[in-house]
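Subject: Structure for your review

Dear colleague,

Please find below the structure that I am handing over to you. My notes on what was found in it follow directly after it.

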Amino acid sequence: MTAAVRAEGLSRHFRLGSWARRRVVHAVDDVDLDIHSGEMLGIVGESGCGKSTLGRLLIGLDRPTGGRITIDGAPLPTGVGPAFRRSRKQLQYVFQDPLSALNPRLTIGFQIEEVLRVHRLARQPATRAIALLDAVGLGPEHGERYVHQLSGGQRQRALVARTLAVEPGLVIFDEPVSALDLSVQAQMIDLIAMLRRRLGLTGVFISHDLRVVRYVSDRIAVMYLGRIVEIGAADEVFHQPLHPYTQALLGALLSLDPERRRGPRRLLGDPPDPFEHPPGCSFHPRCPQAAEVCRRTTPGLSRLADGRLAACHALPGPAA
Amino acid sequence: MTRFVLTKIVRALLSAWLVVTITFVVLRVTGDPVQSLLPVETTPPEIIDYYRRLWGLDQPLWQQYLGYLQGLANGTLGRSFADGRDAVGIIAERIPKTLVLMGWTLAVMLALGLPAGIAAALRRGTWVDRAVMATAVAGHSLPGYLLGILLIWLFAVELRWLPSSGHGTWAHLVMPVLTLALYHGAVVARFTRAAVLEILGQPHVLAARAQGWREAAVIRRDVLPNAAIPLVTVVGFFVGGLIGGSIIVEWIFAWPGIGRLLITSVAGRDLAIVQALVLLFAVTMIVTNLLVDLAYALLNPKIRLLRD
Amino acid sequence: MRFSIPKSASSATEAPRRSPVLLIAALWLAIMAVAGLAAPWLAPYGYADQDLMARLRPPALVGGDAAHWLGTDHLGRDVLSRVIYAIRVSMAVALVGALIGAVFGTFLGFLAAHARGVVEESIMALVDVQAALPFLIFALLVIAFFGNDLVLFVLLVGLHGWERYARLARGLVLDAKTKGYAEAARAMGLAPWRIYLVHVGPNVASAMIVQFTLNLPETILLEAGLSFLGLGIQPPLTSLGLMLNDSRNYIVLHWWLPTVPGAAIFLTTLSVSLLGDALRDRLDRALR
C-alpha cells in the first residue's frame, strides 16, 4: 500500500511567550512538496530548521497554520477524532527518541499488541506481535521487556516494530539513527532499506546528516529556516549541489576530501536565530554569493534551466 | 520584575473577586435565608415579605449582586440575622482578641521550632535529630482539639495551675497559645531542618569551610541566611494553618475571638456573619500569599534581576 | 508557590528495614479495619443503647466491671461499643472522602491538561482559590450555607485536597505529553481515553498514591475536627470526633471518656502517616 502526499503553501507558525511579549517562530514557511508513491524522500537541514515540524505536518500530527495537505487527493485529517485515528493505519511516524516514545511502564509486547487490537488488525495479536519483533530483528523475549531494559538499537527497532504493526503506507522516520552508535546506525539503515523493499513503503527520512539521507533516499529536500531551498534526485543534489546552502552543507561534510575542497565553501557566520528571519532570502547573512536582491526579495523554489528545483537568485532562471 | 509583580497583583485581585462571587452565588443557591431562619409554617406571609424586603431579597439577582458589591466597597456586609447588629461591627470587636492569640503563637512557635530545626539539621542523625523528628511526626498526628484537651487535663485538672477556659488574664492565654504553638512549632522545625540540610549540602558551604572559617561563622554567615529564603515561601502556609488552628483552639478554650464567632455563626446559620468572616479570612490569605510572592521575588536574585 | 513536606530523617540515610514501629502501626490499622468492618458483631451493645442506671462507670481495670470493659458515658452508653461504631463511621467517612478527593482532583487535572485554553485556566483559577483558603474555613462556609447532612458531609470531606491532586495530575500529564509517549500513542491512532487510562495513568499512579498517603491522615483529622466542633457527624450516629466533643465536660472526673476516642484518633493518624512515609520511601527508591 502506498500513499501520495501533496502539500501546498504549508506553514506552521508557533506563538511563544505571553500576550505582552509574543514572539512567532516560523517553523515551516510556505512549503510546496509532493511525496510520490513508493519513494523515499530525504529531508535534510540543521537542527531547528523545521524539518521535524514539517514531518509532523505531513501526516497530520500537527495542524498547519497555513496551506493545505491532501493524501491521495483527500484532505488530511488532524487532531484526535475518529477520522484521524483511522488514518493512522496509513500514516505513521517513527519518533526520534524511542526512550520517550515508548511507554516506560508498559512492556514492548503490550504496546505492539495494543495497536493491533485497537485497529483490529490481527486475529491473534500475541503471535503477530512476535512476528513483527522478528521482522525488525528482535526476539520474542524482547516483547516481555520494558523500554529501559533494551539497548539503544533495540529500542529503535522496537519502535519501528510498533509503527509497522498497522502496515502503514507512509512512514516518517525522524532522525532514526542520530542517537545511535555508528555501528548500530548502519544496521538500522539497512533495516529501513530492507523493510522498504519488502513492504513497498513510501517514506520520509529526516536527518541532519546528508550522507545518511543520501544513502537511503531517492530524492532529497534541503531545508533552511522553515523553507525548502533545494529539492531533487539524491545523486544530483549530492554530487552537483545548486543552492549555496547545500554546497556549504556538503563542504562542511567533505572538507577533508581534497578533491572537493576547492568547490563548495564552509558556512559563514552564526547559525540562524529562528525568531529573527532576515528579510529577503533567509540565507543571505551567511551566503558568500549574497547580492543586493537577496536582501530584499525572498526567492521562491523554481525550476531552473536544467529542470532542477532550487530557491536562489544567483542561479540561472528557467529556459524561456 | 515589574511584570512579575503586576502579574501577581492581577492574579490576587482575580482570586479575591472569585471568592467574593463564589460566596455570593453559594449564598443564593442555598435558597431563601428567610425560610431557613423563620419557622415557615407558623410565620404569617406578611412578616416573611417584610424580612425579604428588609434584606433586599425581593430584587432581581443581578441587582442583589451589584448591591452586594457596593456594600463591600462601602465596608458594609449586612446585618446579623440573629440580633440585627452590623456584621462588620461585631467582627471588629473580636479581631483584637484573635490577633493577641496569633501574635503570641507566632512568637512561641518560632522560638521553639527554629532552634529545634537548626539543631536537628546540624546534629543530623544524633539523638537530637531523632527526638526533634519524632516529636514533629507525632505532633502532626496530634491535632489542636486533642492537644488542647490533653493540656486542659494536665494543667487545669491535674496540676490546677491554669484556668481551663475563658479569657482576661495572662493565665488564660497560656494554654491556647501552647496548643497552637506546639503543633505549628513541630512543622516549623521540620521545614527548618530540611532547609538547613539543603544549604549545608551546597558547594559554597564546603568552600567556606575549606577556607578555614570556624564552623560557627560558616553557619551564621553562609548557612542560615540562605536557609531563610525557602522558609519565607511557607509563611503563607503557616498563616493558613494558624487561621484554621485558631478556630479550633478558640472553640476549645472559649476564647472570644473571630474563630469562635465563626463556629457559633455557622451553628446558628447567621449567614451575614459567616459571609463576612469568610471574606475576611480569604482576603487575609490572598494578601499574605501576595506578600510572600513579592518577598520571595525580592530575596531571590533570579526573579529580582528578571529583565522587563 | 508550593512547598513539599520534607522527608523524614530515615528516608535518605537508612536502607529499608522491617522496623517494629511500622509493624505496630500496620497491626493497629488492621485492628481498626476489623473493628470498622465487623462493628455490628464485635460491639457488645448498640451504640445508642442507654442505661441510665449505669452512668459514667469506669473501665474494667480501674474499678469497673466486665459488663463495660471501657466503662460508660454520661447517658450510660457502653464506651467500647460506641468507639467501635465511631471507628466504623470515621474510617468510612475518611476513606470515602479521601477517595472522592483523589478521583475528582485527578480527573480535573487530566481535564485541564487535555483541554488547555479556557477550561484549563478556569480549573487552575479554582485550584488557586481553594489552595489560598484554609480548608476548615471553606468547610464551615459550606456547612453554614447548605446545612448538615451525612451525604453532603462526606462530599465535603471529599473536597479536601482535590486541588493538590489536580495540580499534580495536570503537571504530570503535561509532562507526559511533552515526554513523547503520549504523543506517540496518539500517533498510533489510540483514542484519548485509552491514552489517558492505559498510557498516562500508570505513569502518574505512583505520584497519586504518594499524595493519597499524605492526604488520608489529614482527612481523618478533618472529619474528627468538624465532628468535634459539632458540625460534622450528627447524633445519634457517632464518630471519634463527636465522642471527643461529648466527653469534654467530663474530663475532670472521668478521664477515660476523652482518652478512648482521643487515643484512637492519634494512633490511627500516626499509623497512617508512618506507613505512608515508608511507602513513599519505597516508591522513591523504586523510581530511581
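Which pattern does chain C follow when it is read along the sequence? The answer is α-α-α-α-α-α-α-α-α-α-α-α. Please keep in mind throughout that this is a predicted model.

Chain C

The secondary structure of chain C consists of 12 helices and 0 strands. Of the 288 residues in this chain, 47% are buried. If one takes the contacts in chain C between residues at least 6 apart in sequence, 70% of them join residues at least 24 apart.

Where chain C touches the other chains

Chain C touches chain B through 39 of its residues, which are in contact with 53 residues of chain B. Several elements of chain C give two or more residues to this side, namely helix 1 (9-13), helix 5 (117-132), helix 6 (135-146), helix 10 (192-228) and helix 12 (256-287). Helix 6 of chain C provides the largest share, with 8 residues. Sorted by class, the side of chain C that touches chain B holds 30 nonpolar, 7 polar and 2 charged residues.

Chain C also touches chain A: here 14 residues of chain C are in contact with 19 residues of chain A. Helix 9 (181-187) and helix 10 of chain C each supply at least two residues of that side. Its residues divide into 8 nonpolar, 4 polar and 2 charged.

The sheet in chain A

Chain A has an open sheet of 4 strands in the order 2-1-4-5, with antiparallel pairing. Its edge strands are strand 2 (23-35) and strand 5 (74-75), each of which pairs on one side only.

Strand 1 (residues 5-16) and strand 4 (residues 66-71) of chain A pair in the antiparallel sense over 5 bridges. Within this pairing, A:A7 has A:I69 of strand 4 as its bridge partner, and A:R6 has A:T70 of strand 4. A:T70 also has a bridge partner in strand 5 of chain A, namely A:P75. Strands 4 and 5 of chain A pair in the antiparallel sense over 2 bridges. These two strands form a hairpin with 2 residues between them, and A:D72 in the turn has a positive phi of about 50 degrees.

A:D32 is located in strand 2 of chain A. Is A:D32 buried, exposed or partly exposed? A residue counts as buried with 20 or more other C-beta atoms within 10 Å, and as exposed with 12 or fewer. A:D32 has 15 other C-beta atoms within 10 Å, and it is therefore partly exposed. Leaving out residues up to four places away in sequence, A:D32 touches A:A7, A:E8, A:G9 and A:L301. Between A:D32 and A:A291 there are 25 Å in space, C-alpha to C-alpha, and the two are 259 residues apart in sequence.

The largest nonpolar core

Which residues touch the most other members of the largest nonpolar core? They are A:A161, A:V222 and B:L277, in a core of 231 residues. Helix 8 (residues 170-200) of chain B contributes the largest share of this core, 17 residues. Apart from its neighbours within four places in sequence, B:L277 is in contact with B:I91, B:I258, B:L261 and B:L262.

Yours sincerely

Definitions and conventions. Residues are numbered from 1 along each chain as its sequence is written. Chains are lettered from A and ligands numbered from 1 in the order in which they are written. This is a predicted model: local features need pLDDT of at least 70, side-chain atom pairs count only at pLDDT 80 or more; totals for chains, interfaces and linings use all residues. Two strands pair if DSSP finds at least two bridges between them. Two residues are in contact if their C-beta atoms, placed from the backbone, lie within 7 Å. Ala, Val, Leu, Ile, Met, Phe, Trp, Tyr, Cys and Pro count as nonpolar, Asp, Glu, Lys and Arg as charged, and the others, Gly among them, as polar. A nonpolar core is a set of buried Ala, Val, Leu, Ile, Met, Phe, Trp, Tyr and Cys residues joined through C-beta atoms within 7 Å.
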